[in-house]
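Subject: Model handover

Hi,

My notes follow below it.

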Amino acid sequence: MKDLLKKYEEKQPEIVFEWKDKESEAEGWVVINSLRGGAAGGGTRMRKGLDKREVESLAKTMEVKFTVSGPPIGGAKSGINFDPANPRKKEVLERWYKAVMPLLKSYYGTGGDLNIDEIHEVIPITESYGLWHPQEGVISGHYQARENERIHQIGQLRYGVSKVLEDLDYTPDIKRKYKVADMITGYGVSESIRHYYNIWGGEIAGKKAIIQGWGNVAAAAGYYLAQQGVKIVGIIDRVGGLIKPEGFTEQEIKTLFNDRVNNTLVADNLIPFAEASEQIWNVGAEIFVPAASSRLVQQAEVDKMITAGLEVIACGANVPFADKEIFFGSIMEHTDNHVAVIPDFIANCGMARVFAYLMQRNVEMSDDAIFSDASNIIHNALQAVYNTSNKRTNLSSTAFEIALKQLV
């Protein structure tokens, strides 16, 4: 696996597009790792301090993810180095998408990512420049669809991604009009944990979980886990944390989900971040969901959780461990050797899978059909790992080997 990984990591990306904003300090990159299958896909993220290397690593991550989610295309990523809290954010995004529009028309499909909202930012801005949908480049480059087919596929994408959830199995509140794009990635993370226990053995109900983050992915994962009888015992977000050793009730988690402001945790009894970070890793939980941001999880934190009974980690964030390597550094390897680590390209592939599902011809567009499809894809990926090795450790290294044999 390591030899395959080294070859894959060292291969130069096929296309790197670099941009300097003439009206602000913003800079950005589109990295297309390859045009496998004639196209590439990957979301747009924005954060202060982002650099080209981060975008390159995420593009490679996306290519691995497509081996699970489909379609069989290359990986890409867009990254903008700019403070998303800056009031000029919308203007910067408008200039960015205008600059990358030729790629989006021809062979690159994008979507939302860290600090960029698919529904409220990506779609309206790209539409204003004449793009039918942010995934249009994949339809043009990979599917090479005729005009009538392209219109049909784009129609499914436009409807499905923005579809308001109506099925109470999938939404915490019908009145708030949560959409597929708001919930699907976190749902997939929770399903990866359910499938892990179903395949390797064990009962998910009654397990305790720690959630890192409380944005769309983390909060949705927490909500769906609570639905399955998991006790959320700790939540740590950038604004602070909550700890309850006996676990929050399902209703309490639903309330915390609905009460978020700007995708952050809101609660009267919030513990300051430094204090929460000291306490939370020792609380005792079988499940850990790192879903805040990339490269945050330290080995000392993992070791404390292992000592306190950790069994499985489902990576909601891309590359959640604080390693310098693109994929598989010493912290991830150490963790993979001690507990079950469901890698990001399986656990958080929900949104990528929704795009792939909606690009097929004449698919069912119900909430249950869209969510069940993502769940089945994640189950199949984990079953393939189990069929290769049924150990409760080294899941990630096995999953990488399966994926990389398709790419190297």
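Which strands does helix 9 lie across? Helix 9 (residues 250-258) lies across strand 8 (231-237) and strand 9, running at about 165° to strand 9. Axes are lines fitted to C-alpha atoms, for helices over the stretch in contact, and angles run from 0 to 180 degrees between N-to-C directions. Contact means heavy atoms within 4.5 Å.

Two points on provenance. This is a predicted model, where local features need pLDDT of at least 70 and side-chain atom pairs count only at pLDDT 80 or more, while totals for chains, interfaces and linings use all residues. Numbering starts from 1 along each chain as its sequence is written, and side-chain values use heavy atoms, with hydrogens and water left out.

The sheet: six strands form an open sheet, order 9-8-7-10-11-12, with mixed pairing. Its edge strands are strand 9 (240-248) and strand 12 (340-342). Strands (E, at least two residues) and helices (H or I, at least four) are DSSP runs, numbered from the N terminus. Two strands pair if DSSP finds at least two bridges between them. Strand 11 (residues 312-314) pairs with strand 12 in the parallel sense, over three bridges. There, I313 has V341 of strand 12 as its bridge partner.

The whole chain: it has 16 helices and twelve strands. Of its 408 residues, 59% count as buried (under 20% relative accessible area, 1.4 Å probe, protein chains only). The C-alpha atoms fill a box of roughly 55 × 45 × 45 Å, taken along the principal axes.

Best wishes

Terms used
Buried means under 20% relative accessible area, exposed over 50%, partly exposed in between (1.4 Å probe, protein chains only).
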